[in-house]
Amino acid sequence: SRRVLPFSSSRDQINAALMHALHEDCERWGVTITRVEIQNIIPPHEISRAMETMITEERARASKVLRADGDKQSKIIISAGMATKLVLDAEGTKQAEILKARGSAQSREVVADAEAKAIVSLRSELGESNVKAANYFTGIQSLNALRAMSAGAKPDVTLVPAAAIDMASQIMGRTKNSLSSKCQCSKV
């Protein structure tokens, strides 16, 4: 309002200038003026309208500034929240991956322990025969791999490596020919 009404902020200056002007004229008549105070100024209608327009524009400008500042603060808060969310999501993903890796490692340890126990048990069962337990498990794994590979083939055909047939016949104490005649296997 200081820009709009400059005279209202300098009322004392106006009062002093008016008192000085009146004092010179009134002193000739023997009147002494001790104090002058302007209480109300009624400007012309055009000036009042211009002042009102300026006040309205100033309020609109201040409103825009406040709104822009509020929007800016809102965006800052939203982006800070999004950044915090990203950090928390990344931390959660990291923890999930760590737990998944630990679970996978524990699973592999359990499987390895079970296989080791099975090898020890098989070794004691096989005793002094020429068949090694590790060869037996290698053969089983080969059969499982071939079964998975031939999953799309006809159900009555199973691919078996010749080495697996030889090993199986040694375990069962049969000759190659007697084993091959009892099952329809194709040597690969």
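## Glu37 and its partner

Glu37 sits in the partly exposed class, with a relative accessible area of 42% (buried is under 20%, exposed over 50% and partly exposed in between, using a 1.4 Å probe and protein chains only). Its salt-bridge partner is Arg35, with the closest N and O atoms 2.4 Å apart; a salt bridge here is a side-chain nitrogen of Lys or Arg within 4 Å of a carboxyl oxygen of Asp or Glu. Arg35 itself is exposed, at a relative accessible area of 63%.

Some ground rules before going on: this is a predicted model, where local features need pLDDT of at least 70, side-chain atom pairs count only at pLDDT 80 or more, and totals for chains, interfaces and linings use all residues. Residues are numbered from 1 along each chain as its sequence is written, and side-chain values use heavy atoms, with hydrogens and water left out.

## Asn15 in helix H2

Glu37 also turns up on the contact list of Asn15, together with Val36 and Ile38, once the neighbours of Asn15 within four places in sequence are set aside (contact means heavy atoms within 4.5 Å). Asn15 belongs to helix H2, residues 11-27; helices are DSSP runs of H or I with at least four residues, strands are E runs of at least two, and both are numbered from the N terminus.

Asn15 counts as buried because its relative accessibility is 10%. The side chain of Asn15 reaches the backbone nitrogen of Ile38 at 3.0 Å. That is a polar contact: a pair of N or O atoms within 3.5 Å, where within protein one must be able to donate a hydrogen and the other to accept it, and residues adjacent in sequence count only if both atoms are side-chain atoms.

## Other salt bridges

The whole structure holds four salt bridges. One of them links Arg28 to Asp25, with 2.8 Å between the closest N and O atoms. Arg28 is exposed at 66% relative accessibility, while Asp25 is partly exposed at 41%.

## The chain as a whole

Zooming out, the protein chain has six helices and two strands, running in the order α-α-α-α-β-α-α-β along the sequence. Of its 188 residues, 10% count as buried. The chain exposes about 15,400 Å², with carbon and sulfur atoms supplying 58% of that; the areas come from the Shrake-Rupley method with a 1.4 Å probe, and for residues only the protein chains shown count as cover. If you take contacts between residues at least 6 apart in sequence, 38% of them join residues at least 24 apart.

## How confident is the predictor?

The mean pLDDT (the predictor's confidence in each residue, from 0 to 100) is 78 for the protein chain, and 75% of the residues score at least 70. Helix H3, residues 45-126, has the highest confidence at 92, and strand S2, residues 186-187, the lowest at a mean of 46. Residues 178-182 have pLDDT below 50, and the model gives this stretch seven contacts beyond near neighbours in sequence. Residues 184-188 also stay under 50, with 12 contacts beyond four places in sequence.
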